[in-house]
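The report below moves from a pair of strands to a helix, and then to the cores and contacts around that helix. Please keep the structure in view while reading.

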Amino acid sequence: MANTQVLAEGAGNYLDFGIFHISVTNALIMGAMIAIFILAIALPFPHHEPDDDEGAR
Amino acid sequence: MSAVEGTATPAPGATTPEGSPSPTRTSWTAWARYRITHTVPQGQWLPDRQPAYVASWIYVFGMATLVSLVIVIGSGVVLALGGSEWWHTSSVGHYVNSVHLWSVEIFFAVMAIHLWGKFWMAAWRGGRSLTWTTGMIALLAAVGTGFTGYLSQTNFDAQWIGAQAKDGLNSVGLGAWFNALNPATALTLHIIVLPLAVGAIVIMHVILVRRHGVVPPIDAEEPTS
């Protein structure tokens with residue numbers, strides 16, 4: 001068991017908040033996903049003007 | 001709803017309100033043809049125009065999920081052809097292995113963002129409950145495929161995860177049905193059973209999206225045609 005703990009200690013950096021335990025890598029990926037979600041809603045979608053009167057956009 | 005789902009079945013050869021012949025009861029060929037051509041409204045299999053509200057980045061993530069799934073399956077097929085000795089030892093094998101890993105990472109990331117977007121716009125509205133349900137089942141099936149993928153790496157990482165999964169599954173009483181330490185079971189589930197399940201559910205999901213159209217934002221008016 002002690003050997004496995006030594007192996008795990010080199011596996012990465014972790015954040016600890018009480019019972020909440022997460023690797024820095026996973027926290028960064030989740031933060032990036034949330035940022036992309038917010039940007040997908042906030043950023044305007046590029047589109048060209050309709051080329052005829054029937055265009056819905 | 002298509003005419004074929006109505007309670008009353010028109011006489012064979014009769015014309016439906018949509019103006020097309022109804023399926024005949026005596027021919028499964030005609031019935032199948034009718035179902036194939038009427039499951040999705042005409043022109044909606046590959047539409048080249050969408051309502052104005054679709055011009056938003058949040059509508060991109062469903063297609064991004066599909067594209068990454070194609071890369072996942074394609075790289076997985078190459079890994080299956082090469083075998084574990086190839087992907088563990090050769091530089092090209094390492095590359096394809098990494099493509100498989102990172103396309104899976106992107107697949108789950110964009111699928112999660114797709115889920116968030118659809119959840120907050122209540123995408124089950126307008127008769128789309130089955131679309132929502134198939135999406136959730138596809139997510140669960142994909143998670144199972146990912147977990148068995150961890151067990152199929154043929155390295156110490158897979159061995160470690162298998163041992164942890166074994167304890168977890170035994171603790172909830174599932175150890176009698178699935179042995180996470182059996183690599184043959186994990187590999188067969190990962191490359192045959194679960195990909196077939198994910199593929200079939202995703203196809204159903206896409207057909208339902210094309211049948212009912214993409215869900216409009218909550219304050220937007222849905223087009224009538």
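How many bridges join strand β1 of chain A to strand β2 of chain A, and do the two run parallel or antiparallel? In this predicted model, strand β1 (residues 14–17) and strand β2 (residues 20–23) of chain A are joined by four bridges and run antiparallel. Within the pairing, A:Asp16 stands opposite A:His21 of β2(A), and the hairpin leaves two residues between its strands, with A:Gly18 taking a positive phi near 65°.

After α4(B) comes B:Ala122, with a positive phi near 50°. The buried residues of α4(B) include B:Val96, B:His100, B:Ser103, B:Val104, B:Phe107, B:Met111 and B:His114. An α-helix has 3.6 residues a turn, so residues three or four places apart point the same way. The cover over the buried residues of α4(B) includes elements of both chains: α2 (24–42) of chain A, together with α2 (61–82), α3 (84–89) and α5 (129–150) of chain B.

The largest nonpolar core has 11 residues, among them B:Ala138, B:Ala141, B:Leu151, B:Leu189 and B:Ile201. At least two residues of this core come from each of α5 and α7 (183–212) of chain B, and α7(B) gives the most, with five residues. Leaving aside residues up to four places away in sequence, B:Ala141 touches B:Leu194, B:Ala197, B:Val198 and B:Ile201. A second, separate core of nine residues includes B:Val104, B:Val110, B:Met111 and B:Ile113.

Chain B is divided into domain 1 (57–114) and domain 2 (121–218), whose C-alpha centres lie 15 Å apart. Their contact takes eight residues from domain 1 and seven residues from domain 2. On the domain 1 side, α2 and α4 of chain B are the elements that give two or more residues, and α2(B) provides the largest share, four residues.

Between the chains, 11 residues of chain B are in contact with 10 residues of chain A. The table sets out the make-up of two contact sides.

| Contact side | Nonpolar | Polar | Charged |
|---|---|---|---|
| Chain B, touching chain A | nine residues | one residue | one residue |

Technical notes: Residues are numbered from 1 along each chain as its sequence is written. Chains are lettered from A and ligands numbered from 1 in the order in which they are written. This is a predicted model: local features need pLDDT of at least 70, side-chain atom pairs count only at pLDDT 80 or more; totals for chains, interfaces and linings use all residues. A residue is buried if 20 or more other C-beta atoms lie within 10 Å of its own, exposed if 12 or fewer, and partly exposed in between; C-beta atoms are placed from the backbone. Two residues are in contact if their C-beta atoms, placed from the backbone, lie within 7 Å. A nonpolar core is a set of buried Ala, Val, Leu, Ile, Met, Phe, Trp, Tyr and Cys residues joined through C-beta atoms within 7 Å. Ala, Val, Leu, Ile, Met, Phe, Trp, Tyr, Cys and Pro count as nonpolar, Asp, Glu, Lys and Arg as charged, and the others, Gly among them, as polar. Two strands pair if DSSP finds at least two bridges between them. Domain bounds come from an automatic or database domain assignment.
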